[in-house]
Amino acid sequence: MLKKIHIFTTSKLLTEVHKNFQVYRGVDYYYYYVLSIPGTATDPRCCDRDAALPDCFPIRLSPKDAFYSLFKQDCMSVVRSVPGVREGCKFGPRAQINTVPSYIDGNWVYGSSLEVANRLRLHKGGLLKSLPVFREFGLKDLLPLKLVDPDDGCIRPSTDLYCFDAGDLRVNEQLVLAVIHTLMMREHNRVAVELSRINPHWGDEELFHEARHITAAEIQHITYNEYLPMILGKEVMEKFGLILEKHGYFEGYDPSIDPSMSANFITAAFRFGHSLLPSTIERWSPAHKYIGSQRLSELLRQPYDLYKGGWCDQFLMGLSNQVAQAMDDAITQEVCEQKLLFYNGIF
Ligand code: HEM
């Protein structure tokens with residue numbers, strides 16, 4: 001029965017949308033490939049200590065600059081994207097390498113390499129590893145601890161406090177992203193348990209990959225059925241044939257179309273999402289009652305509130321109840337003030 005499940009990876013929808021819009025890599029969010037993420041112990045400091053690194057490209061600012069002079073900032077620490085081979089291995093301007101697949105395959109849940117996938121798997125019952133901290137209270141598990149490179153992309157107040165591990169190393173960029181990763185890890189495990197119930201003869205390998213296919217298909221469906229219509233609007237969806245079939249399967253998959261992301265889209269256009277960020281992150285109850293909120297800046301690379309019983313689920317309820325920000329030319333100060341994420345001025 002399960003073999004018949006249609007995975008949209010084989011659909012024209014994917015290849016076309018990637019070719020034409022290069023819209024994100026799954027609910028794959030905004031998975032970019034910067035050399036390192038500013039603000040943690042392993043980040044290059046291109047304005048001083050690491051200026052001589054070949055991947056540093058610091059921008060010196062005029063002392064008369066109307067904006068930056070107010071903050072006495074005279075340099076932007078720009079780190080260049082990792083160089084890659086150009087199409088056809090031809091000489092030409094520097095091209096970038098994308099370290100995650102362009103297909104919407106749930107790589108942020110499972111990793112983009114066998115090594116990461118093996119690290120995340122429990123190798124039992126098709127399950128992903130999880131942290132059973134709240135099981136005795138009837139609450140679902142959290143993500144496993146980030147034990148490899150624990151400081152990378154994570155601000156740790158002490159060495160015995162850990163961030164979380166997931167298929168993409170940006171999982172701890174901000175708490176709510178870690179919440180979405182937690183949701184999909186839980187979903188994978190829910191599907192794997194259900195599959196093993198109806199297929200008791202299946203082993204770990206079969207259960208894992210079938211659960212992965214189903215979870216990836218769910219992500220694809222959310223992307224095309226919910227996310228893209230909101231971002232692109234009905235007209236664009238229709239114009240480019242992106243509206244999902246109501247019945248049957250799509251037969252037009254063309255394997256000759258290159259689905260790679262364009263550098264322009266990933267490094268510039270898709271950053272439109274930064275305008276949507278709220279200043280505070282709300283928590284709501286299962287009965288849709290507002291509980292409380294925190295400043296976004298306090299949750300950057302510090303997902304530790306998830307260790308409080310029930311908070312992960314309250315943040316999830318917040319995600320469905322909090323009103324989204326408009327897409328405009330403004331961005332919240334919570335991510336661009338001095339010492340915060342975009343303090344270099346690169347949005
Ligand atoms: C609280 C939420 C978010 C935070 C804290 C955040 C943080 C970051 C950071 C630190 C970078 C790297 C900046 C640099 O170039 O040095 C980045 C890049 C980027 N972000 Fe976000 N971001 C958030 C939400 C979003 C959303 C919602 C989207 C899109 C819908 C998005 C799209 C991108 C893109 C496309 C890049 C560039 C990727 C690349 O160069 O490869 N971000 N973000």
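## The hairpin of β5 and β6

In the hairpin formed by β5 and β6, five residues lie between the strands, and His-288 takes a positive phi near 65°. Strands here are DSSP runs of E with at least two residues, helices are runs of H or I with at least four, and both are numbered from the N terminus. This is a predicted model, in which local features need pLDDT of at least 70 and side-chain atom pairs count only at pLDDT 80 or more, while totals for chains, interfaces and linings use all residues. Residues are numbered from 1 along each chain as its sequence is written.

Strand β5 covers residues 280–284 and β6 covers residues 290–295; the two pair in the antiparallel sense over five bridges, where pairing requires that DSSP find at least two bridges between the strands. Opposite Thr-280 stands Arg-295 of β6.

## The bent helix α5

Helix α5 spans residues 204–239 and has 36 residues, yet its end C-alpha atoms are only 43 Å apart, short of the 52 Å that a straight helix would reach at 1.5 Å a residue. The expected span is 1.5 Å times one less than the number of residues. A kink of about 110° is centred on Gly-233, the bend being the angle between axes fitted to the seven residues ending at a residue and the seven starting there. Just after α5, Gly-241 takes a positive phi of about 60°.

Buried residues of α5 include Leu-207, Phe-208, Arg-212, Tyr-224 and Leu-228. A residue is buried if 20 or more other C-beta atoms lie within 10 Å of its own, exposed if 12 or fewer, and partly exposed in between, with C-beta atoms placed from the backbone.

## The nonpolar core

The largest nonpolar core has 31 residues, and those with the most contacts inside it are Phe-164, Leu-175 and Ala-178. Such a core is a set of buried Ala, Val, Leu, Ile, Met, Phe, Trp, Tyr and Cys residues joined through C-beta atoms within 7 Å. The elements giving two or more residues to this core are α2 (107–110), α4 (175–198), α5 and α7. Its largest share, eight residues, comes from α4.

## Two loop residues

His-274 is found in the loop between α6 (263–267) and β5. This residue is partly exposed because 17 other C-beta atoms lie within 10 Å. An unreviewed UniProt entry annotates His-274 as "binding site"; such annotations may be inferred rather than shown by experiment, and UniProt positions follow the numbering used here, with feature names shortened.

Arg-301 is placed in the loop between β6 and α7 (311–321). It counts as partly exposed, with 19 C-beta neighbours inside 10 Å. Its C-alpha atom is separated by 9.6 Å from that of Asp-152, 149 residues apart along the chain.
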